[in-house]
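Open the structure in your viewer and keep the selection tool at hand. The tour goes from one selection to the next.

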Amino acid sequence: MKLVLLGPPGAGKGTQAERLVKKHGIPQLSTGDMLRAAVKAGTPVGLQAKAVMESGGLVSDEIVVGIIADRMEEPDAVNGFILDGFPRTVAQAQALDVMLEKKGLKLDGIVELKVDENALMARIEKRAAETLAAGGVVRADDNPDAFKKRLVAYREQTAPVSAYYASRGTLKTVDGMASIDDVTRAIDSVLAG
Ligand code: AMP
């Protein structure tokens, strides 16, 4: 099973990806997680990405396409994967097409979580509060200024990715405002259908 999860920041992609990992036994490939790990480890990629991530902008296509290409080569991704946070630009979606074509692979599903943008800021504030309450460290970009920029990046650069897949008839849309369990059920159902 090879899936792409699309949707704005705070839509619940990470939460649903975790459930899909358990259900299908395939890894979640989150470019955000990989970039945060690179920043933490102080790698050259991390050093390049840190400031743009903290401000809420997008890291260059070249960097993220390279990260994903390497990650897909790892043995645990052979039987499938869930892409979470990638592709985020049409150029990334095209690069993904080329990567998959070279391997003779095809995506089994592209699922977009549709959410009301007005609810997203509240969700992000909740996520930050829950992380703090659990003794965790809040993401550097989970603050109102960076979040607004992430939404702009989504609208301008990532929404066209949904249009890219929709124009090929491969996009499935799910109501991301429903409860977490209902969203999971809806995803299962569009993937089965
Ligand atoms: P996320 O955890 O998916 O919300 O990603 C956090 C941040 O990492 C984003 O705001 C971007 O700065 C960067 N990032 C993650 N994935 C990508 C991507 N596919 N393309 C560009 N930047 C990305």
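Predicted model: local features only at pLDDT ≥ 70, side-chain atom pairs only at ≥ 80, totals over all residues.

Select the strands. Five of them form an open sheet, and their order is S2-S3-S1-S4-S5. The pairing is parallel. Strands of a sheet pair through backbone hydrogen bonds, either parallel or antiparallel.

Now go to the edges, where strand S2 (28-30) and strand S5 (171-175) stand. Each has a single partner strand, so one side of each is left without a neighbour in the sheet. Neighbouring strands of this sheet are turned against each other by 25 degrees on average, direction ignored.

Next, select strand S4 (residues 109-114) together with S5. Five bridges join these parallel strands. For one example, pick Glu112: its bridge partner in S5 is Thr173.

**Two helices**

Select helix H5 (residues 90-103) and helix H7 (residues 144-167). Their axes come within 8 Å and cross at roughly 45 degrees, which makes H5 oblique to H7.

Show the side chains at this contact. On the H5 side are Val90, Ala93, Gln94, Leu96 and Asp97; they meet Gln157, Pro160, Val161, Tyr164 and Tyr165 of H7. Of the residues in the contact, seven are nonpolar, two are polar and one is charged.

**Two rings**

Stay with Tyr164 and Tyr165, which are both buried. How are their rings placed to each other, stacked or edge-to-face? The ring centres are 5.3 Å apart and the planes stand at 75 degrees, over the 60 that edge-to-face requires, so Tyr164 and Tyr165 form an edge-to-face pair.

Definitions and conventions. Residues numbered from 1 in each chain as written. Heavy atoms only, no water. Axes fitted to C-alpha atoms, helices over the stretch in contact; angles between N-to-C directions. Helix = DSSP H or I, 4+ residues; strand = E, 2+ residues; numbered from the N terminus. Parallel < 35°, antiparallel > 145°, perpendicular 65-115°, else oblique. Contact = heavy atoms within 4.5 Å. Nonpolar A, V, L, I, M, F, W, Y, C, P; charged D, E, K, R; others polar. Phe/Tyr/Trp six-rings, centres within 6.5 Å; stacked < 30°, edge-to-face > 60°. Buried < 20%, exposed > 50% of the residue type's maximum accessible area, 1.4 Å probe, protein only. Pairing = 2+ DSSP bridges.
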